[in-house]
Amino acid sequence: MLGLMIAANGFAQGVIDVHSHLITPEFVSALESEGRLMDEGFPLPKYDVDNHLRWMDEAGVETSVLTLAAPQPSSAEMVRQTNEVAARIKKEHPGRFLFCAALPQSDVSKSIEEAKYALDVLKADGIKLATNIDGQYLGTPELDTLFSVLNERKAVVILHPHRPEPVNRQVMQQTPLAMQEYLSETTRAVSNMISRNVLARYNDIKVVVPHCGAYLPLAIPRMKSLTPVMQANKMVGEINYEANLRTLYYDLAGAHSPEVIRMLLTITTPDHLLYGSDYPYVAPQVLTQSLARMKDYLSKEPDLAPFKEMILWKNAKWLLGQTGEKPTAEHAVQNMIVRIAEIEVYPQYLKEYLAFANEVDRLSVEREPGVICLYPMQSAEDSCQIRILEIYASEEAYQQHLKTDHFQKYKQGTLHMVKDLKLPTMKPLDPETMKLIFNKQR
């Protein structure tokens, strides 16, 4: 795992949070002097490293990735100062914090200078880009030289929405930015990059899209369907959707749910999903409850359970360069234990055995998140021949199952009833079809 302090802090394989914000007193003072504290329509929350660590410890978050909050300061010097503070926090708390450096984005030459300094000198773990600064949106040709530099360094880029520019302030008064326009803003910026093949051309950059992918699961199919019409009218050129989408990752900060994850999986794969909290914009107790809810449904939903560890930490660990092995959906499915238990029961005990088997199978599926399937069947030709289809999310889930009271009751109660038992472990020949099977039951 990340850092050198894991054992001392008592972490096993803790969650990696790719969406948290650094808000320094100097940053707040700079915005206040510019009269921009309310640029985003709501006040900046207070930030304190010790409070952040306290929440991480309580919630089971091992590592948080810090990025500068919106709005962007006008001064390149203030951007530099904030990046240096983030680098110091990372150094003072090894294994607990990483950071993606901000750039003075309205000035491309200064942004390139800051990106090189942050990545080469401060050893930043990536770069944070605003969706737009002063109306200059990601995807514009003016930013190609910056993307070329980031591509050379194989940079991770974390996006964050900022106030659209220009903006009708009446829109902000009726519905605050964070409630809706931030999602539109993110979708707008990513769509711009896709339509110019920015992500396909600079494909060594990995881009993290915030807030559950915003509206992209709806926007991408629409863009694809309208592309031929736009091309016929010479409004867009060729768009390599596959190459563009391959570079995108998605954090689950905000209104995550099983349904939202399934929608994201229509445009990406499980190895591109990441946990995000949006600390400190949400109350710590709410974030703790939200993370617990995510862990719960990632354990219980059969089609999502194989990807729980990938989403909570494995994908981020690979993306941020902390491990050389990229997790894949195929590996997650192949880590399942799948077998067909072959059991022959003595005829005089058949009725009693079936009662035991039905009880343990029902209780296991009801009570154990890692038990995906226990499905008993009886041979039509020989009623004493029992077959049980068993699917466990992992070896750990199987071992936990063996320790449960209901399994021990079944095991001890039926030892004298079983004439023969075989437990051959099976290997799925087509993991993709296994996922389709689970999805089909929705």
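Select helix α16 (residues 350–367) together with helix α18 (residues 405–414): their axes come within 9 Å of each other and cross at roughly 165°. Helices here are DSSP runs of H or I with at least four residues, strands are runs of E with at least two, and both are numbered from the N terminus. Axes are lines fitted to C-alpha atoms, for helices over the stretch in contact, with angles from 0 to 180 degrees between N-to-C directions. The crossing angle therefore makes α16 roughly antiparallel to α18; angles under 35 degrees count as roughly parallel, over 145 as roughly antiparallel, 65 to 115 as roughly perpendicular and the rest as oblique. The crossing of this pair is left-handed, a term used if the near helix is turned anticlockwise from the far one by less than a right angle, with clockwise giving right-handed.

The model is predicted: local features need pLDDT of at least 70, side-chain atom pairs count only at pLDDT 80 or more, and totals for chains, interfaces and linings use all residues. Residues are numbered from 1 along each chain as its sequence is written, and side-chain values use heavy atoms, with hydrogens and water left out.

Now display the side chains between α16 and α18. From α16, the contact (heavy atoms within 4.5 Å) involves Tyr353, Phe356, Ala357, Glu359, Val360, Leu363, Ser364 and Arg367. From α18, the partners are His406, Phe407, Lys409, Tyr410, Gly413 and Thr414. By class, this contact has 7 nonpolar, 4 polar and 3 charged residues. In this scheme Ala, Val, Leu, Ile, Met, Phe, Trp, Tyr, Cys and Pro are nonpolar, Asp, Glu, Lys and Arg are charged, and the others, Gly among them, are polar.

Select α4 (residues 76–92) and α5 (residues 108–120) next. Their axes come within 11 Å and cross at roughly 15°, and the two helices are therefore roughly parallel to each other. This crossing is right-handed. On the α4 side, the contact is made by Ala76, Val79, Arg80, Asn83 and Glu84, and on the α5 side by Lys110, Glu113, Glu114 and Tyr117. The classes are 3 nonpolar, 1 polar and 5 charged.

α5 passes α6 in a right-handed crossing. Val108, Ser111, Ile112, Ala115, Lys116 and Leu119 of α5 meet Thr145, Leu146, Val149 and Leu150 of α6. This contact divides into 7 nonpolar, 2 polar and 1 charged.

**The nonpolar cores**

Centre the view on Leu150. Leaving aside neighbours within four places in sequence, Leu150 is in contact with Ala115, Leu119, Ile127, Leu129, Ala155, Val157 and Ile205. Leu150 is also among the residues with the most contacts inside the largest nonpolar core, along with Ile127, Leu129, Phe147, Ile194, Leu248 and Tyr250. That core has 94 residues, and its largest share, 6 residues, comes from helix α14 (residues 308–319). A second, separate core of 19 residues includes Ile337, Phe356, Ile388 and Met417. A nonpolar core is a set of buried Ala, Val, Leu, Ile, Met, Phe, Trp, Tyr and Cys residues joined through side-chain atoms within 4.5 Å. Buried means under 20% relative accessible area, exposed over 50% and partly exposed in between, with a 1.4 Å probe and protein chains only.

Select Ile372 in strand β12 (residues 371–378). Ile372 is buried, with a relative accessible area of 13%. Its C-alpha atom is separated by 40 Å from that of Met193, 179 residues away along the chain.

**Backbone features**

Most residues other than glycine have a negative phi, and most peptide bonds are trans. Cys212 is buried at 8% relative accessibility, and Ala214 is buried at 14%.

Then go to the peptide bond between Ala70 and Pro71, which is cis with omega about 5°. Pro71 is in the loop between β2 (61–68) and α4. A cis peptide bond also joins Tyr279 and Pro280, with omega about 5°. Pro280 is in the loop between β10 (273–274) and α13 (284–300).

**The whole chain**

Finally, zoom out. The protein has 19 helices and 15 strands, and its C-alpha atoms fill a box of roughly 85 × 60 × 45 Å along the principal axes. Buried residues make up 53% of the 442 residues.
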